[in-house]
Amino acid sequence: MERVYIETTVVSYLTARPSRDLIIAAHQQITRDWWDLRRGDFELCASQLVLQEAGAGDPDAAQERLAVVKTMVMLDTTESAIALAEELVRAGALPPKAADDALHIAVAAVQSVPYLLTWNCRHMANATMRPLIEAVCVQKGYKAPILCTPEELSKVE
């Protein structure tokens with residue numbers, strides 16, 4: 001069974017009350033559909049960073065997010081992952097303000113997780129950033145995960 005790293009935005013969209021913003025509401029529905037229809041096709045993985053991010057904010061909402069994350073396989077945040085995240089930022093693949101996003105990518109890459117599922121299209125699932133992210137990972141001896149949204153990781157019927 002292939003593994004997928006579930007980044008915090010996916011957990012947040014899955015557990016949040018429906019948004020009045022049509023785009024966010026659509027992303028929430030796509031996330032719930034993916035969770036119901038596709039989650040069983042993968043081994044779901046996360047990291048300590050996902051736990052930290054999911055546990056922040058409103059205590060009731062955090063409890064819901066943490067309940068979802070605690071069902072996943074926890075990947076270690078190794079020294080190699082930290083070094084790769086630092087290199088992703090140093091090389092300009094991600095901006096310094098996105099250091100946590102770099103760490104999500106690095107943990108998945110170092111642990112050889114094929115997919116990273118996210119709704120962060122600014123720094124992660126972003127076609128203009130993917131080539132440099134992939135190049136830095138390859139330069140350091142890793143294969144970058146495929147950075148995608150739940151919509152992109154849907155079954156083709």
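Predicted model: local features only at pLDDT ≥ 70, side-chain atom pairs only at ≥ 80, totals over all residues.
Buried means under 20% relative accessible area, exposed means over 50%, and partly exposed lies in between, with a 1.4 Å probe and protein chains only. Residues are numbered from 1 along each chain as its sequence is written, and side-chain values use heavy atoms, with hydrogens and water left out.

**Helix α1**

- Helices (H or I, at least four residues) and strands (E, at least two) are DSSP runs, numbered from the N terminus.
- The buried residues of α1 are Thr 8, Val 10, Val 11, Tyr 13, Leu 14 and Thr 15.
- They pack against β1 (3–6), α2 (22–37), α3 (48–54), α4, α6 and β4 (115–117).
- Contact here means heavy atoms within 4.5 Å.

**The largest pocket**

- A pocket is found on a 1 Å grid over the protein atoms alone, as an open set of points where a 1.4 Å probe fits, with protein on both sides within 12 Å along at least five of seven lines.
- Lining residues have an atom within 4 Å of a point.
- The largest pocket holds about 170 Å³ of space; a volume is the space filled by probe spheres set on the points, which are joined across faces, edges and corners.
- Its lining consists of Ser 12, Thr 15, Ala 16, Arg 17, Asp 58, Ala 61, Glu 64 and Arg 65.
- Two elements give two or more residues to this lining: α1 (8–15) and α4 (59–69).
- Helix α4 gives the most, with three residues.
- By class the lining has four charged, two polar and two nonpolar residues.
- Asp, Glu, Lys and Arg count as charged; Ala, Val, Leu, Ile, Met, Phe, Trp, Tyr, Cys and Pro as nonpolar; and the others, Gly among them, as polar.

**The largest nonpolar core**

- A nonpolar core is a set of buried Ala, Val, Leu, Ile, Met, Phe, Trp, Tyr and Cys residues joined through side-chain atoms within 4.5 Å.
- The largest one has 50 residues, and Val 4, Ile 6, Trp 34, Leu 88 and Leu 94 touch the most other members.
- Helix α6 (residues 99–110) gives the most to this core, with eight residues.
- Beyond its neighbours within four places in sequence, Leu 88 contacts Ala 93, Leu 94, Ala 102, Ile 105, Ala 106, Ile 133, Val 136 and Cys 137.

**Aromatic pairs**

- Rings of Phe, Tyr and Trp (its six-membered ring) pair if their centres lie within 6.5 Å; planes under 30 degrees apart count as stacked, over 60 as edge-to-face and the rest as tilted.
- The structure holds four such pairs.
- Tyr 13 and Trp 119 are stacked, because their ring centres are 5.9 Å apart and their planes are at 15°.
- Tyr 13 lies in helix α1 and Trp 119 in the loop between β4 and α7 (130–139), so the pair ties together parts 106 residues apart in sequence.
- Both Tyr 13 and Trp 119 are buried.
- Trp 34 and Phe 42 have ring centres 5.9 Å apart and planes at 25°, so this pair is stacked.
- Trp 34 is buried, at 3% relative accessible area, and Phe 42 is buried at 7%.
- One aromatic cluster is formed by Trp 34, Trp 35, Phe 42 and Tyr 115.

**Two single residues**

- Glu 87, in helix α5 (residues 79–90), is buried, with a relative accessible area of 10%.
- Ala 127, in the loop between β4 and α7, is exposed, with a relative accessible area of 58%.
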